Amino acid sequence: MATSRVATGSEDYTGNLYVFEVPVRIWHWIHALAITVLAISGYFIANPLPSVSGEASDSFLMGNIRLIHFSAAMVFAVGLFVRFYWAIVGNRYAKGLLVVPVWRGEFWSRLFHELKMYSFLTRKVAKYRGHNPLAQLAMWLFNVLLALFMVCTGFALYSQGTGAGSWADRWFGWVFVIEPSSQAVRMWHLLGMWLMVFFIVVHIYMVVRAEFMSRQNGISVMIDGIRRFKDDGPRDPR
Amino acid sequence: MPAHETFYEVMRRHGVTRRSFLKFCSLTAAGLGLGPEFAGKIAHALETKPRTPVVWLHGLECTCCTESFIRSGNPLAGDVVLSMISLDYDDTIMAAAGHQAEEILEQTIEKYDGQFILACEGNPPLNEDGMYCIQAGRPYVEKLRHMADHCKAIIAWGSCASWGCVQAARPNPTQATPIHKVILDKPVIKVPGCPPIAEVMTGVITYMLAFDRLPPLDRQGRPQMFYGQRLHDKCYRRPHFDAGQFVEKFDDEGARKGYCLYKVGCKGPTTYNACSTIEWNGGLSWPVKSGHGCLGCAEDNFWDKGSFYSPVTNLGVTGNVESTADTIGGTLAAAAAIGVAAHAAASVVAKATGKKKTQPREEVSNG
């Protein structure tokens with residue numbers, strides 16, 4: 001990257017910095033697309049489209065919706081685990097997805113500062129190279145915890161079709177030991193979809209808001225990976 | 001009652017011909033999903049093995065399991081197995097009553113300690129020290145624990161014994177508790193359903209008596225041969241599901257054409273039972289065949305999952321409010337959208353007022 005540098009010290013919050021590597025950005029967009037397809041197809045599995053007429057052998061609508069859902073689920077699951085791998089070998093901004101530094105006092109003080117800032121209780125806006133603590137915590141809750149919940153419940157439900165002894169049953173059948181009612185697992189999986197929709201609404205808003213109101217870029221950083229600081233002032237304004 | 005009487009001798013004594021006996025053996029082998037050679041093995045086992053006694057207890061229940069059992073579609077199977085087990089203890093259908101009946105339990109323990117099978121219909125209520133179900137002057141839970149101490153294995157008949165069923169529905173005032181949560185030190189075979197299918201019941205009991213071991217069980221403790229697949233997997237209306245052909249409401253064109261009942265709440269896709277293969281009352285019919293969706297009566301907690309007529313059901317997390325995953329989630333997503341819009345507006349206002357505040361304000365302080 002000709003226009004950007006790798007961050008050098010803790011005081012380096014000026015100009016352009018290369019933060020999000022290629023695998024992180026590719027994963028982000030695959031993940032976003034997979035979630036979109038999964039949410040729509042999943043909604044129509046729970047609440048099917050209006051009934052089709054004609055011979056049953058002439059159409060395969062529900063079958064195709066389920067096929068799309070399962071295919072997108074494979075993309076989602078594999079993508080998630082590739083991203084976890086990259087969290088181990090990637091740069092510090094890639095690691096942030098898995099490792100939330102809750103043992104650091106600074107994490108909590110900055111988290112509360114962000115909460116105050118979003119609640120309009122302070123006008124002091126701090127600069128961040130990667131995610132701010134609030135965003136990082138949300139990433140962990142929704143794209144690690146909730147995503148794993150959706151993978152486990154999803155493959156457990158998938159194992160009902162593939163049957164006892166299948167790989168899905170051997171790896172994810174334990175879900176039904178925790179919750180024996182598969183109808184309940186379906187409903188929790190569906191609620192998980194809505195939680196993901198909730199996350200997406202807030203996520204998109206926060207990113208667009210950051211683009212216009214924070215002291216760094218919000219949208220383009222996930223396109224070219226470059227963090228652009230809008231001013232050369234101190235990280236934390238007095 | 002000679003101690004070493006075999007099943008075959010018992011059956012002959014009850015007027016079953018050898019021809020009928022062999023038919024029963026082959027039908028049972030077929031019912032259990034075993035190969036043709038097993039008919040002979042079952043016959044041999046029943047001819048040579050001493051009869052394993054079965055004690056049938058009743059806790060909180062409606063006796064629909066017994067009603068189902070005595071109507072076994074293959075009448076012979078019902079008669080035969082019933083003859084075998086009625087010799088011991090089943091307070092609904094045995095001749096003895098009162099102290100005589102209760103003595104049979106102690107006699108069974110004396111003669112067959114660690115040998116008999118305990119079949120439990122219904123479950124014990126644990127609240128108030130079990131006072132909500134009193135039998136022969138003492139709480140049922142004590143009787144259950146006493147018999148379980150001496151039995152070889154337990155069959156939990158029906159959804160009551162397996163999962164709790166309607167008497168365990170929220171708020172469960174009597175604290176009705178399924179067998180596997182009360183008896184922890186003995187194998188418990190769950191045969192859920194409200195009631196279970198008669199042929200499933202006779203099949204399970206015959207397997208245990210004939211082969212002298214537990215049938216292969218799934219993770220939930222249900223016999224795999226009957227609970228290995230969902231109704232949906234073997235449903236004759238499955239092609240309509242895959243095609244996207246649904247009954248939108250009862251009595252519409254789709255209902256007349258026999259389309260899939262998923263949209264009117266059929267729980268076949270989440271219910272493990274053998275209804276779609278064995279069917280009911282000797283293969284006469286079963287719920288979906290009669291045009292009504294499955295209620296999921298063989299599944300845990302089916303009684304607290306809200307509507308029987310919606311594929312999206314209650315989560316049971318919001319107390320008495322009947323909220324489904326879609327209503328909770330949809331409200332959450334809508335609230336997020338409204339919250340985001342409000343926050344965006346507030347942010348714009350805050351930015352505008354913030355700029356004003358940074359301007360010099362001497363004239364205000366002077367005034």
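A residue is buried if 20 or more other C-beta atoms lie within 10 Å of its own, exposed if 12 or fewer do, and partly exposed in between, with C-beta atoms placed from the backbone. By that count, buried residues make up 29% of the 238 residues in chain A. In chain B, 45% of the 367 residues count as buried.

This is a predicted model, in which local features need pLDDT of at least 70, side-chain atom pairs count only at pLDDT 80 or more, and totals for chains, interfaces and linings use all residues. Residues are numbered from 1 along each chain as its sequence is written, while chains are lettered from A and ligands numbered from 1 in the order in which they are written.

**Chain A**

- Chain A has 9 helices and 2 strands. Helices (H or I, at least four residues) and strands (E, at least two) are DSSP runs, numbered from the N terminus.
- Along the sequence, the pattern of chain A reads β-α-α-α-α-α-α-α-α-α-β.
- Its C-alpha atoms fill a box of roughly 70 × 40 × 35 Å along the principal axes.
- Two residues are in contact if their C-beta atoms, placed from the backbone, lie within 7 Å. Of the contacts in chain A with a separation of 6 or more, 60% are between residues 24 or more positions apart.

**Chain B and its domains**

- Chain B has 15 helices and 7 strands.
- Among its contacts between residues at least 6 apart in sequence, 69% join residues at least 24 apart.
- Chain B is divided into domain 1 (7-227) and domain 2 (231-304). These bounds come from an automatic or database domain assignment.
- The centres of domain 1 and domain 2 of chain B, taken over C-alpha atoms, are 28 Å apart.
- In chain B, 18 residues of domain 1 are in contact with 15 residues of domain 2. On the domain 1 side, α9 (198-211) and α10 (224-227) are the elements that give two or more residues.
- That side of domain 1 of chain B has 10 nonpolar, 4 polar and 4 charged residues. Here Ala, Val, Leu, Ile, Met, Phe, Trp, Tyr, Cys and Pro count as nonpolar, Asp, Glu, Lys and Arg as charged, and the others, Gly among them, as polar.

**The sheet in chain B**

- Five strands form an open sheet in the order β2-β1-β3-β6-β7 (chain B), with parallel pairing. Two strands pair if DSSP finds at least two bridges between them.
- β2 (89-90) and β7 (188-191) of chain B stand at the edges with a single partner strand each, so one side of each has no neighbour in the sheet.
- β1 (residues 54-58) and β3 (residues 117-121) of chain B run parallel, joined by 5 bridges. Across this pair, B:V54 has B:I117 as its bridge partner, and B:L57 has B:C120.
- β3(B) and β6(B) also pair in the parallel sense, over 5 bridges. There, B:I117 stands opposite B:A153.
- β6(B) and β7(B) run parallel and are joined by 4 bridges. B:I155 has B:I189 as its bridge partner.
- In β3(B), 5 of the 5 residues are buried. B:I117, B:A119 and B:E121 point one way, and B:L118 and B:C120 the other.
- In β7(B), B:V188 and B:K190 point one way and B:I189 and B:V191 the other, and all are buried.

**Helix α9(B)**

- α9(B) has 14 residues and reaches 20 Å from its first C-alpha to its last. That is close to the 20 Å expected at 1.5 Å a residue, where the expected span is 1.5 Å times one less than the number of residues.
- Because 13 of its 14 residues are buried, α9(B) is largely enclosed by the rest of the structure.
- α9(B) lies across β1, β3, β6 (153-157) and β7 of chain B, running at about 155° to β7(B). Axes are lines fitted to C-alpha atoms, for helices over the stretch in contact, and angles run from 0 to 180 degrees between N-to-C directions.
- B:D212 follows α9(B) and has a positive phi, near 60°.

**A loop glycine**

- B:G282 lies in the loop between α13 (275-278) and α14 of chain B.
- B:G282 is partly exposed, with 14 other C-beta atoms within 10 Å.
- B:G282 and B:A198 are 84 residues apart in sequence but 8.7 Å apart in space, C-alpha to C-alpha.

**Where the chains meet**

- 47 residues of chain B are in contact with 39 residues of chain A.
- On the chain B side, α11 (238-243) and α14 (325-357) each supply at least two residues. The largest share, 16 residues, comes from α14(B).
- The chain B side divides into 19 nonpolar, 16 polar and 12 charged residues.
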